[in-house]
Amino acid sequence: MEDASSSMYYCIVNPYARSGLGLQEWLSFKALMEEHNIKYQAVMSNEAGDATRLTYKLTSSRCLIEDMVHLVVFGGDGTMNEVINGISDFDKTALGYIPAGSAGDLALGLGIRGTDSKVLGERILEGQIRRTTDIGKVTAERILDTFPLGQDKPESFSRLFCVSAGIGFDAVVCKEASVTAAKKLLNKLGLGKLTYLSVALKEIFKANKFSADIRPDDKGLMDVKDILLLAAMITPYEGGGFKFCPEADYCDSLLDICLAASMSKASILKALPLSKFGKHGNTKGISFIKCKKLLVDSRDSFWVHTDGEVSVKAGRITFENTDLKLKLLF
């Protein structure tokens, strides 16, 4: 901890994450820093988009004058998504993370879910870069709509992700989960993950399927009918702990794709609980693809999510694993 006292720590806090857990975790970490006489600066993310703007403002200035910027995030997967989209220089940013979200897929995928926050905080304050994780990117074209509804439609849209991005069923579940009245109550009860499961069970019976041309790594074109879900993943989990891509490796520079197509409702009902444990691969209609880049082109349009946050509805989507590496302090 001696070396850490000479470093400045910059903290991005979502005080509303999981009904106030983000604020609680920040106050505990603040006390830990003060105990070790560590200098810090903290900013609060009070509304959607704040974390991206605050992170960019901070990193674009500090990366110019510091060898390495130590950034610590308090929130959930959505907060982390905003932060990575605001980092101006990945080579000069080292990131710590104290999970405080309802889904917890990033924490689960990186193996820190359930780790005592003080233990995690002590590890972060040692200031050592311990590992890296890949960063994905989704680009959407032929945009039909935006979410929240009523915003101006851009000609194209791109966003980084660190857990997963997807279209179809999982994106619709993310969209509906974000507005369901039950989410706040379940978060207060510590049952936030049930939000996704309850919405998923409801959406199964009205899920809209689509057909698309799919091209992995600029190779042969696949004409796929009746697609229910396509998830492009950095880590194995999404949607509150569903292990859609059990073989996903967060540092292999590739995407793992889970594709569900031409499935009956009975097959879907069978696959959903099995996917919680990564055992759905033998279900008819489920297939996996490992690639660097994937193009999805369709006459239809579908909602797109990045790390559980839905932004646009579009008909042409490109998923890719970028060459960016996020340096981690834990």
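Which residue's side chain meets that of Asp50 in a salt bridge? Arg53 does, at 2.6 Å from N to O. Bear in mind while reading these notes that the model is predicted.

1. Let's stay with that pair for a moment. Asp50 and Arg53 both sit in helix H2 (residues 50-62), and because they are three residues apart there, about one helical turn separates them. Their surroundings are worth a look too. Asp50 comes out as buried, since its relative accessible area is 14%, while Arg53 counts as partly exposed at 47%.

2. Now for a pair that reaches across the sequence. Lys325 makes a salt bridge with Asp134, and their closest N and O atoms are 2.2 Å apart. Lys325 belongs to strand S13 (residues 309-328) and Asp134 to strand S5 (residues 131-146), so this contact ties together parts that lie 191 residues apart in sequence. Asp134 is buried, at 0%.

3. Strand S5 turns up again in the next bridge. Arg142 pairs with Asp297, with 2.6 Å between the closest N and O atoms. Arg142 is in strand S5 and Asp297 in strand S12, so the two join parts that are 155 residues apart in sequence.

4. Glu141, Arg142, Asp297 and Arg316 are linked in a network of salt bridges. Over the structure, the count of salt bridges comes to 14.

5. On to the inside of the model. How many cavities of 30 Å³ or more does the structure hold? There are two. The largest cavity has about 150 Å³ of space. Its lining is made of 13 residues, and those nearest the centre are Leu229, Phe244, Ala260, Ala271 and Ile286. Strand S9 (222-233), strand S10 (255-261) and helix H9 (265-275) are the elements that give two or more residues to this lining. The largest share is from H9, with four residues. What classes of residue line the largest cavity? Eleven are nonpolar and two are polar, with no charged residues.

6. The second largest cavity has a volume of about 100 Å³. Eleven residues line this second cavity, and the closest to its centre are Asp170, Val173, Gly239, Phe242 and Phe244. Phe244 is one to click on, as it is also among the residues nearest the centre of the largest cavity. The elements supplying two or more residues to the lining of the second largest cavity are H6 and helix H8 (193-204), and H6 gives the most, with four. By class, the lining has eight nonpolar residues, one polar and two charged.

7. Next, the second largest pocket, which holds about 320 Å³ of space. Of its 15 lining residues, Gly168, Val172, Ala207, Asn208 and Trp303 are closest to the centre. Helix H6 (169-179) and strand S12 (293-306) each contribute at least two residues to the lining. Which element gives the most to this pocket? H6 does, with four residues. The class make-up here is six nonpolar, three polar and six charged residues.

8. Leu23, Leu27 and Met44 make a nonpolar surface patch of about 230 Å². Met44 is found in strand S2 (residues 39-44). As for how open Met44 is, it counts as partly exposed, at 30% relative accessibility.

Methods. Residues numbered from 1 in each chain as written. Predicted model: local features only at pLDDT ≥ 70, side-chain atom pairs only at ≥ 80, totals over all residues. Heavy atoms only, no water. Patch = residues over 30% accessible without salt bridge, like charges linked within 9 Å, V, L, I, M, F, W, Y side chains within 5 Å. Areas by Shrake-Rupley, 256 points an atom, 1.4 Å probe, with all protein chains shown as cover. Salt bridge = Lys/Arg side-chain N within 4 Å of Asp/Glu carboxyl O. Buried < 20%, exposed > 50% of the residue type's maximum accessible area, 1.4 Å probe, protein only. 1 Å grid on protein atoms, 1.4 Å probe; cavity = no way out; pocket = protein on both sides within 12 Å on 5 of 7 lines; lining within 4 Å. Points joined across faces, edges and corners; volume = space filled by probe spheres on them. Nonpolar A, V, L, I, M, F, W, Y, C, P; charged D, E, K, R; others polar.
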